[in-house]
Amino acid sequence: MSVIEYDVIVIGAGAAGLTAAAWLAQQGLRVALVTAGEPTACLSTGCIDVCSHDDEPLSGIAGLPDAHPFHRVFPELLRQSLEDFRQIMADMELPYEGTLEKNRRVLSAIGTFKTTCLVPVTMQASPQSDDEKIHLITFTGLKDFYPGYLLSRLSNASFSSYNAGVSTTMGIAAHFEDSVFLETFLSWLERQNIREDKIAFPAVLGLESASSILRQIESRLKRSVFEIPTLPPSMPGRRLFNAMKDHLRRQGGSIYWNWPVAGVEKSGRRIEAVSTVTQGRPNSLNARAFILATGAFVGGGLWAKRDRIVEKVFDLPVFAPENRDDWFEQDYFSMNHGIGQAGIVVDDAFGPADCPWNNVFICGSILARTEALKYGCGHGFAIATGRAAARSCLERLK
Ligand SMILES: Cc1cc2nc3c(=O)[nH]c(=O)nc-3n(C[C@H](O)[C@H](O)[C@H](O)COP(=O)(O)OP(=O)(O)OC[C@H]3O[C@@H](n4cnc5c(N)ncnc54)[C@H](O)[C@@H]3O)c2cc1C
């Protein structure tokens with residue numbers, strides 16, 4: 001068995017785990033992030049929901065139920081963590097716009113509007129009122145994007161369709177990274193004689209260079225351009241994940257990809273190591289502290305058995321509405337689904353309550369009573385609690 005030693009091991013590569021790991025690595029600690037696979041960010045719009053159920057994220061958080069874990073993040077730490085996120089994304093050439101004072105809206109792939117806090121710069125020009133005139137570009141055969149929905153809901157919209165030679169989101173996005181393709185496309189776009197103020201695209205403007213591709217289109221067409229997030233696989237979500245992952249590597253953090261944690265070594269009040277089995281051999285990763293950021297049900301951190309819900313790495317006690325009838329419902333994505341409350345209860349230092357170990361910290365959507373769908377506490381909550389848990393972890397190690 002190979003044995004590797006770190007200061008901190010973070011489990012899970014979502015917005016929470018990546019934030020915690022990168023910040024601790026930046027403080028000079030030896031950090032490893034171990035993940036079973038991709039996070040829910042890859043399914044998302046790439047927009048950062050902080051608290052979308054209110055027009056103003058900060059007043060939305062203030063109005064959350066008393067037991068909501070967002071109340072454990074000090075307002076100045078929330079502000080700092082989102083400012084740092086914006087700075088990091090700017091450094092990674094994936095700038096974000098927005099403010100904690102006011103939510104904004106982005107046009108969705110079905111012509112409705114999503115409320116969010118920070119948006120990638122490629123969605124900055126998304127219409128904020130219904131009377132803006134928009135020209136929509138569609139791509140022949142593109143799956144997961146339905147221009148008919150958009151055109152039926154937007155009164156001032158027209159469209160053109162381009163044949164990119166491929167019909168998948170990833171395939172078209174990869175084409176946009178090619179300067180010859182881009183030039184051919186721009187020439188075609190100029191010939192459309194677009195009169196509307198804004199040009200909208202499904203989110204396919206490149207894999208990594210989206211903001212630069214968008215600027216090139218804007219400068220040639222002399223129009224504002226914006227992307228509309230599509231159904232998964234979502235390019236903006238994937239760009240967000242890739243940028244956060246690359247940032248962690250730049251800070252010197254190690255990433256163990258496709259390494260689901262399968263076992264834990266304990267000693268007294270401490271977790272000593274987590275073990276994984278990969279490529280046929282067992283590995284033990286030792287550390288002084290551990291941060292659990294394995295997400296809720298979609299991420300894989302929680303698992304619903306017939307009669308109870310379990311946390312899969314440390315077998316921590318899971319809070320859930322008492323009766324199964326209160327958390328069982330067919331439609332997992334319904335806003336008020338009781339199972340959205342399930343998760344790990346933490347203390348002020350983001351350590352798990354009712355648990356013997358003092359070197360474990362928890363962050364992200366695995367926290368009890370988060371109800372991410374109901375309150376719109378998505379990546380913003382994950383980033384803020386990731387930072388808060390990392391800070392408590394650093395203080396404990398000192
Ligand atoms: C379909 C969908 C769309 C969404 N869209 C948005 C959006 O547009 N904007 C927004 O702000 N929020 C959105 N959300 C919510 C948002 O994705 C989550 O609230 C938030 O990002 C959760 O982050 P996390 O870090 O807590 O966990 P996750 O993103 O769930 O990550 C968990 C990680 O843990 C890993 N893991 C799990 N078990 C193990 C194990 N045993 N060993 C090792 N690793 C493990 C997983 O592989 C994964 O990498 C969306 C959620 C879903 C499901």
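This is a predicted model: local features need pLDDT of at least 70, side-chain atom pairs count only at pLDDT 80 or more; totals for chains, interfaces and linings use all residues.

Helix H1 covers residues 15-26 and helix H11 covers residues 379-397; their axes come within 7 Å and cross at roughly 40 degrees. The crossing of H1 past H11 is right-handed. On the H1 side, the contact uses Ala15, Ala16, Gly17, Thr19, Ala20, Trp23 and Leu24. Facing them in H11 are His379, Ala382, Ile383, Thr385, Gly386, Arg387, Ala389, Ala390, Cys393 and Leu394. Sorted by class, the contact of H1 with H11 has 11 nonpolar, 5 polar and 1 charged residues.

Now for the wider setting. The chain is divided into domain 1, made of 2-95 + 238-397, and domain 2, which spans 109-228. Their centres, taken over C-alpha atoms, are separated by 33 Å. Where the two domains touch, 17 residues of domain 1 are in contact with 12 residues of domain 2. On the domain 1 side, the elements giving two or more residues are helix H3 (75-91) and helix H8 (235-250). That side of domain 1 divides into 7 nonpolar, 6 polar and 4 charged residues.

A run of antiparallel strands comes next. Strand S12 (residues 261-267) pairs with strand S13 (residues 270-278) over 6 bridges, in the antiparallel sense, and Gly263 stands opposite Ser275 in S13. S12 and S13 form a hairpin with 2 residues between them, and Gly268 in the turn has a positive phi of about 60 degrees. S13 also pairs with strand S14 (residues 281-292), again antiparallel and over 6 bridges; here Thr278 stands opposite Arg281 in S14.

For contrast in strand direction, there is also an open sheet of 4 strands in the order S8-S7-S9-S10, with parallel pairing. Its edge strands are S8 (157-162) and S10 (224-228), each pairing on one side only. From one strand to the next, the twist averages 25 degrees. Within this sheet, strand S9 (residues 198-202) pairs with S10 in the parallel sense over 5 bridges, and Phe201 stands opposite Glu227 in S10.

Helix H6 (residues 179-190) and helix H7 (residues 210-221) pack at an angle of about 35 degrees, with their axes 11 Å apart, and their crossing is right-handed. H6 brings Leu182, Leu186, Leu189 and Glu190 to the contact, while H7 brings Ile213, Gln216, Ile217, Arg220 and Leu221. By class, this contact of H6 with H7 has 6 nonpolar, 1 polar and 2 charged residues.

Note on methods:
Residues are numbered from 1 along each chain as its sequence is written. Axes are lines fitted to C-alpha atoms, for helices over the stretch in contact, and angles run from 0 to 180 degrees between N-to-C directions. A crossing is left-handed if the near helix is turned anticlockwise from the far one by less than a right angle, and right-handed if clockwise. Two residues are in contact if their C-beta atoms, placed from the backbone, lie within 7 Å. Ala, Val, Leu, Ile, Met, Phe, Trp, Tyr, Cys and Pro count as nonpolar, Asp, Glu, Lys and Arg as charged, and the others, Gly among them, as polar. Domain bounds come from an automatic or database domain assignment. Two strands pair if DSSP finds at least two bridges between them.
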